[in-house]
Amino acid sequence: MFVRPVRRLLGRPHAISYFHSTSNWWASRKVVKKFNLADIGEGITECEVVKWSVKPQATVQSFDALCEVQSDKASVEITSPFDGVVKELLVQEGEIAKVGSGLCLIEIDEEEPTSGASTQSTKVESSSPSSLEETAKPVETLPPPLPLSDAPSTPTRRLHPLDPNNTPQKISSNHDQVFAAPSVRYFARQNGVDLSLLVPGSGKGGRIEKKDVEAAIAGQRDAPEERTPQPQRQQGDVVVELGRTRYGMWKAMVKSLEIPHFGYSTTLDITALHEMLPTLNAHIPPHYLPEKSRPVVSQAISPSALYPAPSHGPIPDSQQYSRLTYLPILVKTLSKAMVEWPVFRSSITTTTDSSKPTLTIRPNADISVALSTPTGLYSPTLQSVNTHSIYSIAAQLKHLSHLGRQTPCALTPKEMPKRGGTITISNVGAIGAGDFASPVLVPGGGVAIVAIGRAKWVWDVDRGDGTGERRLKLGVSWSGDHRVVEGAELAAFVECWRGYVEVPQRLIAEGI
């Protein structure tokens, strides 16, 4: 019964079949993107590439660390904006990269839409059974291309550093935080040498080399023989190249000559503040105290029995302290005076054209602090100081000091924002016994700067019934940008600050 239909089919002169296929709406292609160095701070035009975290032909994802750069202000980690493969490093370690110039080349998969869906027809002609058999071959479906790397098909992306869900891991003092090659780590582990005791190493950027481990091993063998190193006498002149940060200070000081300075110096009576300090130290909130100094809380009655009490959350070790100093109180009282004087909450608005300059008045008091570190001078910023308590300001100051002592400097754009403070404090009295100084304003450093001297007990003949009194006096030296601040305004502002410093009880009435 099937013979006749088959004969009819074979008897036809032509057998025509149509196969329709539609092209993909989206097509991808390989594109090499140049990743340029972005503007990471006000006034920064170039950076030094300290260390590359990737090598050519390495696969990276978005937000993966590419390199670490050192500017005049801070050390910044540059992350990748693309998912792709690093093809070439345009700037090597130790070289200078200009802002806006290329750092590296990254190959990415770029998707682009086609002109539309197209329909293709394939015409197959057959005049014999043999030709039909040839055209009836099954169509092979190609498997999807294998990935170029060994990474899993669905990689887990890291969260952006500014993502609220991103919880930074606590830094522990182990070998992973030491700059050393894997071979050096293995050699040290085999010989029982703790690499954390050899920081910084003799290599570039404090990297620990094998010779440092060998010297430590030799030192352990020679430990019974305590040798006192003999100081080597300098035989002649030595030419030292300025470091990155110190050279940045050089350029900033040269630019400071463009600012007309107005100086004003006086003394503040901090006797009342000195008498109040023991009471403040005795009542430091427990979450700011080190673990061993926290008082034992009785669990007989819980404040959270009815409803959960407010929790301050964990405080990092770098923000814990057990004793207050004068500086956080001086910073807090200065912010109170800044709230009353808007001109000292202002900054010069940078413009690209030659129009008349303007001032930007900020809603809160942003104060920068001059910080001397092993790698140079920095000025991190305390933001919205008037909204913080004295204890909170003390914790922030201790944290900034901790970051500045790291090698290399651990200050980031979070502590050194592009828009710095409108007033800078330099606590030079913590170093020497000087009373006054001549602080220098730099472009972008605000409208005024104050240098705080060392507090000294003096005999004030103007107090008492003519016999005088022993008072604790503190010398302060101001420099203002005379383009913005008048001399009379600076003097009146300092007197406003004096009203808070010499009568600190006002902070209680105003709710601190």
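Visitor: Where is Gln57 found?

Guide: Gln57 is in the loop between E3 and strand E4 (59-60). Helices (H or I, at least four residues) and strands (E, at least two) are DSSP runs, numbered from the N terminus. The model is predicted: local features need pLDDT of at least 70, side-chain atom pairs count only at pLDDT 80 or more, and totals for chains, interfaces and linings use all residues. Residues are numbered from 1 along each chain as its sequence is written, and side-chain values use heavy atoms, leaving out hydrogens and water.

Visitor: What makes Gln57 count as exposed?

Guide: Its relative accessibility is 54%. Exposed means over 50% relative accessible area, buried under 20%, and partly exposed in between (1.4 Å probe, protein chains only). So Gln57 counts as exposed. Its phi is near 70 degrees, a positive value in a residue other than glycine.

Visitor: Why does Ser384 count as partly exposed?

Guide: Ser384 has 21% relative accessibility, so it falls in the class in between. Its place is in the loop between strand E17 (381-382) and helix H8 (390-404). Phi of Ser384 is near 50 degrees, again positive in a residue other than glycine.

Visitor: Which strands form the open sheet, and in what order?

Guide: The four strands run in the order E6-E5-E3-E8, with antiparallel pairing. Two strands pair if DSSP finds at least two bridges between them. Strand E5 (residues 65-70) and E6 are joined by five bridges, so they pair.

Visitor: What makes E6 and E8 edge strands?

Guide: Strand E6 (75-79) and strand E8 (96-98) each pair on one side only. From one strand to the next, the twist averages 40 degrees. Helix H5 (residues 244-255) packs on this sheet, touching strand E3 (46-52), E5 and E8 (contact means heavy atoms within 4.5 Å). The direction of H5 makes about 175 degrees with that of E3. Axes are lines fitted to C-alpha atoms, for helices over the stretch in contact, and angles run from 0 to 180 degrees between N-to-C directions.

Visitor: How do you know that Cys67 is too far from Cys104 for a bond?

Guide: The two sulfurs are 7.2 Å apart, and Cys104 holds the closest cysteine sulfur. A disulfide needs a pair of cysteine sulfur atoms within 2.5 Å. The structure holds zero disulfides. Cys67 stands opposite Ile78 in E6. It is buried, with a relative accessible area of 1%.

Visitor: Why is the pair of Trp478 and Phe493 called edge-to-face?

Guide: Rings of Phe, Tyr and Trp (its six-membered ring) pair if their centres lie within 6.5 Å; planes under 30 degrees apart count as stacked, over 60 as edge-to-face and the rest as tilted. Here the centres are 5.7 Å apart and the planes at 90 degrees, so the pair is edge-to-face. Trp478 lies in strand E21 (residues 469-481) and Phe493 in helix H9 (residues 487-501), so the pair ties together parts 15 residues apart in sequence.

Visitor: What makes Trp478 and Phe493 count as buried?

Guide: Trp478 has 2% relative accessibility, so it is buried. Phe493 has 0%, so it is buried.

Visitor: Why is the pair of Trp478 and Trp497 edge-to-face?

Guide: Centres 5.8 Å apart, planes at 85 degrees: so the pair is edge-to-face. Trp497 is buried, with 0% relative accessible area. Ring pairs link Trp341, Phe344, Trp478, Phe493 and Trp497 into a cluster.
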